[in-house]
Amino acid sequence: MNATQNDAHCRQGAPSVATAAKRAGTRDAKRTPGTRGGLRRREHWTGFSLCLPAWVLLCALYLAPIIVLALLSVTDYEMGAVRWKVVGLDNYRRAFSDPVFRRSLANTLLYMVLVVPLSVAGGLFIALLVHARGVSRAFYEVIYFLPVTATLVAMATVWQFLLHPTLGPFNHLLDLAGLGRHNFLNQPGLMLPTLAAIGIWQLLGFNMILFLSRLSQIPQSLYDAAAIDGASHAIDRFLCVTVPLLGPTLLFVIVTSSITAFKIFDTVAVLTQGRHGSEVLLYDIYLEGFTYSRTGYAAALTVIFLALILLLSVWQTRQLDKKVHYA
Amino acid sequence: MMRRSAAPRQAPADWSADDTVTLYGHATSHAQVPSARAHWAGLVRLKRALILLAAHGALLAGAAVMLLPFVWMLVTSVRPANEIFRGSLLPWPEHFHGWGHYHEALAYVPLVRFMLNGVLVCSGILAVQLLVAIPASYALAKLRFGSERILFYLVLAALCVPIQVTALPLYLGLAQVGGLNTYFAMMLPFFLSVFAIFLLRQSLKTFPDDILQAARLDGMSEFEILWRIVVPSARSSIAAFAVFSLVAHWNDLYWPMIVISDTQLAPPPLGMMFFATAETGSDYGALMAGATVLTLPLVLIFLMARRRFIQGLTM
């Protein structure tokens with residue numbers, strides 16, 4: 001889950017960014033400064049002291065590290081080195097000519113292309129089926145959500161066993177079917193699709209729940225009204241009521257799934273250790289920064305990672321603003 | 001059944017053949033409508049049953065795929081080694097192996113220790129997160145003190161920065177002060193949850209100002225107002241956040257993998273990884289037993305408090 005969770009940070013973050021900021025503005029206007037000076041001074045002091053721990057931690061855990069990161073990215077510093085020098089943008093230039101980094105970027109994008117459409121379309125399909133169920137709805141909800149709750153690292157070892165070339169049941173079945181055994185987690189062309197399948201397995205239930213919660217917000221009266229207006233068939237009502245109302249949620253789920261997929265790490269760390277054909281962005285950064293100790297270079301890669309994540313987040317925030325309009 | 005078999009005789013063609021509708025004919029057609037309707041109702045019912053069947057079929061097939069790893073994990077954990085080695089495809093053990101693999105797993109790695117580490121780290125993180133975020137979110141929602149705008153914008157910006165970005169500088173800092181391989185190192189980056197501040201601020205915004213004003217007039221300090229009036233009113237948001245935070249950090253691998261190399265300090269995911277990559281990593285019976293033990297707590301909590309759990313993860 002942990003990939004999913006961490007991004008939930010980013011994902012959930014935005015719900016009403018624009019509206020919240022707007023509201024903060026109007027409140028200021030309401031208060032006329034200068035009246036009841038004593039009270040205001042007390043409020044100032046209280047507000048400041050209540051926020052002090054948050055300020056300190058914000059500086060220590062976000063602002064300072066990001067500044068240090070940016071500075072490191074223009075040096076050739078290596079963990080533990082005595083001497084280092086400023087190299088300008090060399091690390092960035094090197095990144096884009098580094099075949100491993102380029103492969104990891106391409107693989108991460110390919111992984112996203114595999115996981116996002118299938119987990120979103122699959123999640124929507126399951127949500128529509130589950131939504132129409134009565135008594136059995138809770139039963140299906142639990143089963144499909146189960147992979148979201150299970151520790152991904154533990155489940156990855158289970159998948160490793162399921163896909164094991166000699167002991168695993170999958171290969172046993174393939175062998176019986178005369179298709180031959182495959183080393184899913186070792187053959188370059190098979191690794192990424194296999195990781196994507198596990199990613200979809202884990203994300204499906206999460207997306208289903210997001211769609212379900214929107215579906216149950218659509219009032220029955222809209223369907224009744226559509227039926228009176230001539231949408232006699234269920235498919236007509238689906239197209240003229242469900243689809244437009246689900247649109248914003250759909251975009252939201254696409255963006256959050258993209259962020260989750262972009263941050264793939266756990267399954268790679270457990271199952272393939274970034275073997276040739278399964279290099280991904282975060283694992284590459286992990287290797288450069290913490291295994292090979294090429295700190296300056298890893299910092300540059302991290303800055304690129306941050307830029308891409310921000311791109312996705314901005315897209316997400318824009319979608320959310322639209323979502324607010326519809327809701 | 002009677003009605004349905006009678007229906008075909010009263011085909012609509014009969015009615016149109018009658019040019020003049022007599023009083024008698026009118027009456028009969030009235031009498032026949034229900035039987036025709038019953039026929040259609042039968043067809044509709046059949047169609048509905050087929051749709052229902054198809055829907056359940058698709059859902060059950062999907063559910064089987066979803067459950068497969070769980071079932072195989074459980075089955076393998078109680079299956080004797082020779083059956084595992086043979087690659088048995090039976091979804092149940094031919095000979096029940098009992099708790100054998102669980103004992104092996106416990107002998108290979110300190111599973112209980114991993115879980116205690118997880119509990120300690122998660123509860124430590126959550127406690128500090130709430131202690132920092134609750135006052136800050138209250139101040140941001142209800143007080144004007146000059147720096148609230150800038151703080152709020154920084155919180156929004158920080159929401160988009162995942163741990164993987166700040167990990168490198170934080171790691172260097174911790175290494176500098178000799179703080180690696182400690183519980184503190186595992187918890188430190190998460191002490192500030194900008195998500196908690198954002199979420200609680202949104203929820204506290206809706207708290208009526210009149211009540212706060214009345215409490216102030218009664219002489220309550222802001223501190224008392226916060227902990228005795230505001231916090232209880234935000235209970236459900238706090239609970240939802242607690243679920244989110246506990247699950248996120250129980251499952252986190254990236255940060256512990258960076259700062260922890262001592263097996264004794266590993267939280268569940270890192271412990272599982274040590275287990276899987278060790279020499280014992282090919283003893284799948286024990287490995288599946290270990291995976292079962294480490295997955296169990298969250299799955300149990302999920303099954304017991306499904307609504308709260310889902311609410312926490314999908315806020």
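Leaving aside neighbours within four places in sequence, A:Gln160 is in contact with A:Leu185 and A:Leu271, where contact means that the C-beta atoms of two residues, placed from the backbone, lie within 7 Å. This is a predicted model, in which local features need pLDDT of at least 70, side-chain atom pairs count only at pLDDT 80 or more, and totals for chains, interfaces and linings use all residues. Residues are numbered from 1 along each chain as its sequence is written, while chains are lettered from A and ligands numbered from 1 in the order in which they are written.

- A:Gln160 belongs to helix H7 (residues 152–162) of chain A; helices (H or I, at least four residues) and strands (E, at least two) are DSSP runs, numbered from the N terminus.
- A:Gln160 is buried, because 21 other C-beta atoms lie within 10 Å, and the cut-offs are 20 or more other C-beta atoms within 10 Å of a residue's own for buried, 12 or fewer for exposed, and partly exposed in between, with C-beta atoms placed from the backbone.
- Between A:Gln160 and A:Pro244, which are 84 residues apart along the chain, the C-alpha separation is 41 Å.

**The two chains**

- Chain A contains 14 helices and zero strands, and of its 327 residues 44% count as buried.
- Among the contacts in chain A with a separation of 6 or more, 72% are between residues 24 or more positions apart.
- Chain B has 17 helices and zero strands, and 41% of its 315 residues count as buried.
- For chain B, residues 24 or more positions apart make up 75% of the contacts with a separation of 6 or more.

**Contact between chains A and B**

- Chain A contributes 82 residues to the contact and chain B contributes 82 residues.
- On the side of chain A that touches chain B, helix H3 (residues 37–72) of chain A gives the most, with 18 residues.
- By class, that side of chain A has 59 nonpolar, 18 polar and five charged residues, where Ala, Val, Leu, Ile, Met, Phe, Trp, Tyr, Cys and Pro count as nonpolar, Asp, Glu, Lys and Arg as charged, and the others, Gly among them, as polar.

**Nonpolar core and domains of chain B**

- The largest nonpolar core has 170 residues, and those with the most contacts inside it are A:Tyr111, A:Met208, B:Ala136, B:Ile197 and B:Met273; such a core is a set of buried Ala, Val, Leu, Ile, Met, Phe, Trp, Tyr and Cys residues joined through C-beta atoms within 7 Å.
- Because domain 1 (2–77) and domain 2 (100–313) of chain B both give residues to this core, the core lies between them; the domain bounds come from an automatic or database domain assignment.
- B:Ala136, with its neighbours within four places in sequence left aside, is in contact with A:Leu50, A:Cys51, A:Ala54 and B:Ile197.
- Chain B is divided into domain 1 (2–77) and domain 2 (100–313), and the contact takes four residues from domain 1 of chain B and eight residues from domain 2 of chain B.

**Packing of H5(B) and H16(B)**

- Helix H5 (residues 100–108) and helix H16 (residues 284–304) of chain B pack at an angle of about 85 degrees, with their axes 8 Å apart; axes are lines fitted to C-alpha atoms, for helices over the stretch in contact, and angles run from 0 to 180 degrees between N-to-C directions.
- H5(B) and H16(B) are therefore roughly perpendicular to each other, a term for angles of 65 to 115 degrees.
- Residues of H5(B) in this contact include B:His101 and B:Tyr108, and those of H16(B) include B:Gly285 and B:Val293.
- The residues of the contact of H5(B) with H16(B) divide into seven nonpolar, three polar and one charged.

**Positive phi in loops**

- Most residues other than glycine have a negative phi.
- A:Ser293, not a glycine, has a positive phi of about 60 degrees, and lies in the loop between helix H13 (281–291) and helix H14 (295–326) of chain A.
- B:Asn181 likewise has a positive phi, near 60 degrees, and is placed in the loop between helix H8 (163–176) and helix H9 (183–187) of chain B.
- A:Ser293 is partly exposed, with 14 other C-beta atoms within 10 Å, and B:Asn181 is partly exposed, with 15 other C-beta atoms within 10 Å.

Definitions and conventions. Angles under 35 degrees count as roughly parallel, over 145 as roughly antiparallel, 65 to 115 as roughly perpendicular and the rest as oblique.
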